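Let's take a walk through this model together, with charged pairs, packed side chains and a couple of backbone angles along the way. Keep the viewer open as you read.

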Amino acid sequence: MPSKVVLTAGTMLSCIPAIATAGIHLDDMYFVDHRRYINFIDGETLVSTTVGRLLSGGDINEIAYIGNDTILANMTFGVVKYDLNTGIQETLFTSDEVGGPGSLTFMSGVARRSNGEYYMNVSVQRAAGHEEYGISYNLETGDLSYVGPTPHTIPNDVYELADGTMLATRTISHEDWIVRYNPMTGEEIALYEIDFTPTAFVQSESELHIVSQLGFIHTFDLSDGSTTFYGRITGEFYGQIMGATNANANIPLIPAPHSLSMLALSASIGFTRRRR
C-alpha cells in the first residue's frame, strides 16, 4: 500500500487588493463567464475587457486559447472553435460523438498537451453504468483518441505538467481539492485540499495559478499544495467565471515537483490538507 505523506496547505487572504504580489506579473489571459462572454485580462493590471461572446447551445465548461485569435471552448453539447475577430463559431465535435448513442455525456476541462493536442475529461452515463476518462483532440487532423481512466473528479479544469502527469480540480460535499494523477492509468499521485472553489488553471513562465469563480487568482505551489493570494480580476466582470486560459498558446508547461516525478508514480501518494 502506498505511503501517505501528510502536508499542510493554506491560502493567505489578509487583504484583497487588485494585485497583492509586487514585482511579479502574470501573462495576459482570457476568461469566460456564465453568460458566455469572453473577456481579455491584462496580466499587469488584471483589468478585464469584453472581446466576444460564444453563441448559445449549451453551458460553458472551459476555454483554451489556441493561437491566431481563436478560442477552443468546451461546452455541454460539444467543443467549438470561436474566432475573436469575426465572432464566427464552428462546432468541432459533439458530446454524442464521444459518448456514443444512448449515452448521457458531459465533457469538462481543456488542457494543452506537450504533443500539441488538447486533453479533456469525459463523464459518460450509460444503461450499463458510469464511466469517466480522458480524451485527446488533435486540432490539425480532427482525430479524437482515448487517453485513460480518470480518478472520477468531473473537474472544472485540467492541466498537464511538463512530465505528462495531470492536475484536475475536484469539489465534493463543499470541499475543494486539486488532484494530481497519471492520465494513462487514472492513479492518484497527490491530493491537495484548498479553501476556495477552483475554476481554472493559468500560468506565468514559472508559476502555476488557480482562478476562482469569483475572479480571485491564487498562486499554487506544487511542492506542498499551498496557495497564496495573488490578485483579483477587475473591470468588465459580471457573475461567475466558468473558465480561463493564457493568451499565449505556446507558453512552456510548468515542471512537476521533483519529489513526485513520473519515475515515482507508484512510490507514494501525498495528501495535503489545510489547517482547520
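Predicted model: local features only at pLDDT ≥ 70, side-chain atom pairs only at ≥ 80, totals over all residues.

Start with D163 and R180, whose side chains form a salt bridge with an N to O distance of 2.8 Å. This pair connects distant parts of the chain, 17 residues apart: D163 sits in the loop between β14 (158–160) and β15 (166–172), while R180 belongs to strand β16 (residues 175–181). Are the two partners buried or exposed? D163 is partly exposed, at 25% relative accessibility, whereas R180 is buried, with a relative accessible area of 0%.

Next come R170 and E188, which meet through their side chains in a salt bridge at 2.6 Å, N to O. Here too the link joins distant parts of the chain, with R170 in strand β15 and E188 in strand β17, 18 residues apart. R170 has a relative accessibility of 10%, so it counts as buried, the limit being under 20%.

Now turn to the nonpolar side chains. In soluble globular proteins, such side chains tend to be buried together. The largest nonpolar core here has 16 residues, and those touching the most other members are Y159, L161, L167, I178, F201, L208 and F220. Two elements, β17 (188–194) and β19 (208–212), each give two or more residues to this core, and β17 contributes the most, with 3 residues.

Which residues does F220 touch? Leaving aside residues up to four places away in sequence, F220 is in contact with I178, Y192, L208, H209, I210, G225, S226 and T227. Apart from this core lies another one, of 15 residues, including V79, M107, Y118 and M120.

Finally, check the backbone at two loop positions. R36, although not a glycine, has a positive phi of about 75 degrees. R36 is in the loop between β3 (29–33) and β4 (37–41), and at 18% relative accessibility R36 counts as buried. D69 is another non-glycine residue with a positive phi, near 55 degrees. Look for D69 in the loop between β6 (60–67) and β7 (70–75), where D69 is partly exposed, with a relative accessible area of 32%.

How values were computed: Residues numbered from 1 in each chain as written. Heavy atoms only, no water. Helix = DSSP H or I, 4+ residues; strand = E, 2+ residues; numbered from the N terminus. Buried < 20%, exposed > 50% of the residue type's maximum accessible area, 1.4 Å probe, protein only. Core = buried A, V, L, I, M, F, W, Y, C linked by side-chain atoms within 4.5 Å. Contact = heavy atoms within 4.5 Å. Salt bridge = Lys/Arg side-chain N within 4 Å of Asp/Glu carboxyl O.
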